[in-house]
Amino acid sequence: MEVAQVRDAAPVFAALGDETRLRLLVRLSSSGPDSISRLSAKTPVSRQAVTKHLEVLSRAGLIRGNRRGRERIWQVEPKRLVDARLYLDRISRLWDDALDRLQRHLERQT
Amino acid sequence: MKSTTDRIEKKILLRAPKSRVWRALTNSDEFGTWFRVKLASGFAAGKTVTGKVTYPGYEHLTFSVDVERMDAERLFSFRWHPYAVDPKIDYSREPATLVEFRLEEAAEGTMLTVVESGFDRIPAGRRDEAFRMNSQGWAVQMENVQRHVTG
């Protein structure tokens, strides 16, 4: 992995590097979109803390919040980010292979 | 700021002089050897170059690039359609990505930088294809996390 790739992925790993956030993400991903009040009811931390954790996950692009009436409904937002990432990873590997072959080609001929 | 999903950048130190690397990149026979494609003609700025892919398992595919720049021993660039692996799809009307090979002299040879950019304009459907082909999709990853947390 290149430095740039690690740096790009850093906010995601940082967001996931917390037990409460990981549980919130797993919950949103397994039981679907949910509100802060219902999420905090099932989490042993304050509603304020849950809000903060959700915002961290949101900044990392892992979840998205939509206003519904007076509440904010949070949902997992994997598709765009993950699809794009997997697509680039695949092409990135093809380039690694091609450059590896270029290197060997040059070693053979020089 | 450019989106982080728009480009791929690779750097590799090649133990050969710039002139040698330039030839390996721009001589169509040499390019074909390591890139695994049999080109019908040589590269020239402004020209479309086509060929047959020789990569095992992908021999049914056509290779096609529009050469943009050829600044001797400095920059070689072309536009193409990345990951164009379905022969039934006409990729020619979709946005292309730009591939740039930059050469710089280094202490022990040549530093080659490859940048492919413009991925954000690639239709989402194409990305979904790559997503489906990848068995380690999001669902699987989430199951892993779930097992880890609840296990």
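The following dialogue explains how the terms applied to this predicted model rest on their definitions.

Visitor: What makes a feature count in this model?

Guide: As this is a predicted model, local features need pLDDT of at least 70 and side-chain atom pairs count only at pLDDT 80 or more, while totals for chains, interfaces and linings use all residues. Residues are numbered from 1 along each chain as its sequence is written, and chains are lettered from A, with ligands numbered from 1, in the order in which they are written.

Visitor: How do you know which part of chain A has the lowest confidence and which the highest?

Guide: The guide here is pLDDT, the predictor's confidence in each residue, from 0 to 100. Chain A averages 81, and 82% of the residues score at least 70. Helix 1 (residues 3-16) of chain A is lowest, with a mean of 61, and helix 4 (residues 47-59) of chain A is highest, at 92.

Visitor: What makes up the secondary structure of chain A?

Guide: Helices (H or I, at least four residues) and strands (E, at least two) are DSSP runs, numbered from the N terminus. By that rule chain A has five helices and three strands, in the sequence pattern α-α-β-α-α-β-β-α.

Visitor: Why are strand 1 and strand 2 of chain A said to stand at the edges?

Guide: Two strands pair if DSSP finds at least two bridges between them. The three strands of chain A form an open antiparallel sheet in the order 1-3-2. Strand 1 (34-35) and strand 2 (63-68) each have a single partner strand, so one side of each is left without a neighbour in the sheet.

Visitor: How do you know that strand 2 and strand 3 of chain A pair?

Guide: The requirement is at least two bridges, and strand 2 and strand 3 (residues 71-76) of chain A are joined by six, in the antiparallel sense; the pair therefore qualifies. Within it, Gly65(A) has Trp74(A) as its bridge partner, and Asn66(A) stands opposite Ile73(A). The two strands form a hairpin with two residues between them, and Gly69(A) in the turn has a positive phi of about 65°.

Visitor: What makes a set of residues a nonpolar core?

Guide: A nonpolar core is a set of buried Ala, Val, Leu, Ile, Met, Phe, Trp, Tyr and Cys residues joined through C-beta atoms within 7 Å. A residue is buried if 20 or more other C-beta atoms lie within 10 Å of its own, exposed if 12 or fewer, and partly exposed in between, with C-beta atoms placed from the backbone. The largest core has 17 residues, and those with the most contacts inside it are Leu106(A), Val21(B), Ala24(B) and Leu25(B). Helix 5 (79-109) of chain A and helix 1 (18-26), helix 2 (28-35) and strand 6 (97-106) of chain B each supply at least two residues. Helix 1 of chain B gives the most, with four residues.

Visitor: Why is helix 1 of chain B called roughly perpendicular to helix 2 of chain B?

Guide: Axes are lines fitted to C-alpha atoms, for helices over the stretch in contact, and angles run from 0 to 180 degrees between N-to-C directions. Angles under 35 degrees count as roughly parallel, over 145 as roughly antiparallel, 65 to 115 as roughly perpendicular and the rest as oblique. The two helices pack at about 80°, with their axes 5 Å apart; helix 1 of chain B is therefore roughly perpendicular to helix 2 of chain B.

Visitor: Which strands of chain B stand at the edges of its sheet?

Guide: Seven strands form an open antiparallel sheet in the order 1-7-6-5-4-3-2. Strand 1 (7-14) and strand 2 (37-39) of chain B are the edge strands, as each pairs on one side only.
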